Amino acid sequence: EELRNELTCAICLDYFDDPVILKCGHSFCRFCICLHWDENGDDYGYQCPQCRSVFNKKSYTKNYLVQSLIAKLDDLDSVDAGSQHPKAVNAHGKCDKHGEELKFYCQTDKRPICAVCCESRAHRHHDIAPTSEVMNEMKMEMEMKLMELNWQKSRYMKTVTADECTRSESKKQSLKEKIEADVGALVQFLLDERDSLLESLDAEEVAAMAVIEDNLKRVETHVKDVDKAIADINKHMSGKTSFEFQQNLSEAFKEMVHVKPFSPVERVNCQTVFLDVAGPFQLIMWKKMMHVLHTMPQNLTLDPDTAHPYLFISDCDTQVEEGHIRNQDLPDLPARFTRFCGVLATAQYSSGQHYWEVDVKDKGVWYLGVTTVSSNRKGYVSLTPSEGYWSICLQDRLYANGEHGRIPIADYWNSPRVGVYLDYDQGRLSFCDAVTMRRLYMFDTCFDEPVYPFFSPGKNDPGSRLKICHY
């Protein structure tokens, strides 16, 4: 027993595993002493857990003698290298050294001790507490850990539920199916228009061929009559006949021509054929296709009753620019902007899909987006989703106005038009380059009230205008 005690680590109370010896002469498991120093070391040095000797740095040497003794002890006792050494706690819960009940717990050595051990030199300066208090603290720690784990589990379960819901929705109507349906509708429209045009062309071709064939038949008949007359004249002119016979024959031909004159014949005018299908086919198809699209570019107009007094609206309420003089005659209506240089469109959306385009050519500052019916328009306006504004803007670069500040989108902007796509039911607002249709940014939210498109030419950008594109 004394040999076992000597070969037991004072930290883990088990046989030494990879034993090391400190400068003070005490031995520990290498892992145990490193862990102890990591938890209790500071800038003033590292202590030996037994004699409290202080070292300036982590320093130890491998204890080959102890390692050899442990190997021999394992061979004698026929135990595994990882077997547990009997702790200083017997089956009756009493201290083996003093026979007293283990009513205290040494926080330093992480082991229960008795009252006599508390006064001993080995534990005199250790952190000691009653076992009941330690158990209560452990219980509270376990309860807190349990609450934390339950909370973490609830978050994971919410994520799982959301992902499963998204997966279910994706299976019901995936983006691939939507693309196939939308593109398929356009392809089918073009195929139907192609078949209709070809059918019309075939019908007109048949009619034109009939006219040409009829004209050819009439011309052939006249050609035969003329050939017969020419042959008769040549026949009589080649024979030896008297003057009286020739005179009578000439009178007969004059009489024949007078009675049955040759009808005039003209060629069929091909320019009058195929007029119904003549023209720029792609342009014709594009014009017709505009009427079958689910989301057409909408021709919005601005609402002068919402415009900031410094804004000037023109061109049939489709163009807005910053003026040089404040309009003093405008009434202060509830929907009018008073500080932010903005203006609303007359259209209000509470469902469906909508798209519009804005001409921002040569402008250095602009704001575009949507806002709710009840959003603030007086004084300072916070362009954040929580305040009912979803927008992007151009200043030194292109930004999206997020909840916690501006989000950079692009370092520069050189396109003449911006497209805005609103899917109210899905809670999505997308902005794109209207020339290339490349998406710039998308807000994913939930609209709980109707929204208006809003526009702003910005401040300190005189002479430039912002215009809603009409189609």
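In this tour, two residues are in contact, or touch, when they have heavy atoms within 4.5 Å of each other. The structure on display is a predicted model.

**Stop 1: the loop around G379**

Select G379 and the two strands that flank its loop. G379 sits in the loop that connects strand 13 (366-372) with strand 14 (389-394). Next, show the residues in contact with G379: leaving aside residues up to four places away in sequence, these are T338, R339 and F340. F337 and G379 are separated by 42 residues in sequence, yet by 7.7 Å in space, C-alpha to C-alpha.

Is G379 buried, exposed or partly exposed? Its relative accessible area is 26%. Buried requires under 20% and exposed requires over 50%, so G379 counts as partly exposed.

**Stop 2: the nonpolar cores**

Now select W356, W366, L368 and F455. Within the largest nonpolar core, which has 36 residues, these four have the most contacts. Centre the view on F455. Not counting residues up to four places away in sequence, F455 touches L300, L302, C341, G342, V343, A345, W356, V358, Y367, L368, L466 and I468. Another core, of 17 residues, lies apart from the largest one; C32, I33, C48 and V66 are among its members.

**Stop 3: the second largest pocket**

Which helix gives the most to the lining of the second largest pocket? Helix 2 does, with six residues.

Colouring by residue class shows 18 nonpolar, 18 polar and 11 charged residues in the lining of this pocket.

**Stop 4: the whole chain**

The chain contains eight helices and 21 strands. Of its 471 residues, 31% count as buried. Among contacts in the chain with a separation of 6 or more, 59% are between residues 24 or more positions apart.

Technical notes. Residues are numbered from 1 along each chain as its sequence is written. This is a predicted model: local features need pLDDT of at least 70, side-chain atom pairs count only at pLDDT 80 or more; totals for chains, interfaces and linings use all residues. Side-chain values use heavy atoms; hydrogens and water are left out. Helices (H or I, at least four residues) and strands (E, at least two) are DSSP runs, numbered from the N terminus. Ala, Val, Leu, Ile, Met, Phe, Trp, Tyr, Cys and Pro count as nonpolar, Asp, Glu, Lys and Arg as charged, and the others, Gly among them, as polar. A nonpolar core is a set of buried Ala, Val, Leu, Ile, Met, Phe, Trp, Tyr and Cys residues joined through side-chain atoms within 4.5 Å. Buried means under 20% relative accessible area, exposed over 50%, partly exposed in between (1.4 Å probe, protein chains only).
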